[in-house]
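Reader: I have not looked at this structure before. Could you take me through it, one topic at a time?

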Amino acid sequence: MELVRPWANTDRVVVADSFFASVGAAVRLSDQYGLRFIGVVKTATKGYPMNLLGNVVLPQGKGDHYGVMAKDEESGKSILAWVWCDRDRRYFVSSCSSLSPGNMIHRQRW
């Protein structure tokens, strides 16, 4: 938390790897520092719906995803937890995104 203190209340996005990512980190950064958060969840699963997302069927395979959102009625803040399928399942937690379709990015590959 000390690392992000200079950017408190700037509404910036903190992107974290699995060492720092958890539901608790997303909530604390939002509540105490006014920062948004996105991170990969591997072992810090307290408060994360791992049973639900670990067992959800992803029929399309690679590229398929499924998510759930928890919203605080008082503050209106929400936390999104989702699973995305690559070769394996990858789990994410975020306080700054949605599962809305984005724009396709086309790049020339060599």
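Reader: Is Tyr91 buried or exposed?

Author: Tyr91 is buried, with a relative accessible area of 14%. Buried means under 20% relative accessible area, exposed means over 50%, and partly exposed lies in between, with a 1.4 Å probe and protein chains only. Please note that this is a predicted model, in which local features need pLDDT of at least 70, side-chain atom pairs count only at pLDDT 80 or more, and totals for chains, interfaces and linings use all residues. Residues are numbered from 1 along each chain as its sequence is written, and side-chain values use heavy atoms, with hydrogens and water left out.

Reader: How many aromatic pairs are there?

Author: There are 3 aromatic pairs. Rings of Phe, Tyr and Trp (its six-membered ring) pair if their centres lie within 6.5 Å; planes under 30 degrees apart count as stacked, over 60 as edge-to-face, and the rest as tilted. One of the pairs is formed by Tyr48 and Tyr91, which are edge-to-face, at 6.4 Å centre to centre and with 90° between the planes.

Reader: Where do Tyr48 and Tyr91 lie in the chain?

Author: Tyr48 is in the loop between strand 2 and helix 2, whereas Tyr91 is in strand 5, so the pair links distant parts of the chain, 43 residues apart. Helices (H or I, at least four residues) and strands (E, at least two) are DSSP runs, numbered from the N terminus. Tyr48 is also buried, with a relative accessible area of 6%.

Reader: What about Trp82 and Phe92, stacked or edge-to-face?

Author: The ring centres of Trp82 and Phe92 are 5.1 Å apart and the planes are at 20°, so this pair is stacked. Trp82 belongs to strand 4 and Phe92 to strand 5, 10 residues apart. Both Trp82 and Phe92 are buried.

Reader: In which sense does strand 4 pair with strand 5, parallel or antiparallel?

Author: Strand 4 and strand 5 pair in the antiparallel sense over 6 bridges. Two strands pair if DSSP finds at least two bridges between them. Val83 has Tyr91 in strand 5 as its bridge partner.

Reader: Moving on, which residues of strand 1 are on its covered face?

Author: Val14 and Ala16 make up the covered face of strand 1, while Val13 and Val15 make up the uncovered one. Strand 1 pairs with strand 2 in the parallel sense over 4 bridges. Within this pairing, Ala16 has Gly39 in strand 2 as its bridge partner.

Reader: What does the chain pass through from strand 1 to strand 2?

Author: The chain crosses from strand 1 through helix 1 to strand 2, and this β-α-β crossover is right-handed. A crossover is right-handed if, with the strands pointing away from the viewer, the path from the first strand over the helix to the second runs clockwise.

Reader: How many salt bridges does the structure hold?

Author: The structure holds 3 salt bridges. A salt bridge is a side-chain nitrogen of Lys or Arg within 4 Å of a carboxyl oxygen of Asp or Glu. One of them joins the side chains of Asp11 and Arg36, at 3.4 Å from N to O. Asp11 lies in the segment before strand 1 (13-16) and Arg36 in strand 2 (residues 36-41), so the pair ties together parts that are 25 residues apart in sequence.

Reader: With which residue does Asp31 form a salt bridge?

Author: Asp31 forms a salt bridge with Lys77, and the closest N and O atoms are 3.2 Å apart. Asp31 is in helix 1 (residues 23-33) and Lys77 is in the loop between strand 3 (65-71) and strand 4 (78-85), 46 residues apart. Asp31 is exposed, with a relative accessible area of 52%, whereas Lys77 is partly exposed at 36%.

Reader: What do Lys62 and Asp86 form?

Author: The side chains of Lys62 and Asp86 form a salt bridge, at 3.8 Å from N to O. Lys62 is exposed, with a relative accessible area of 62%, and Asp86 is partly exposed at 25%.
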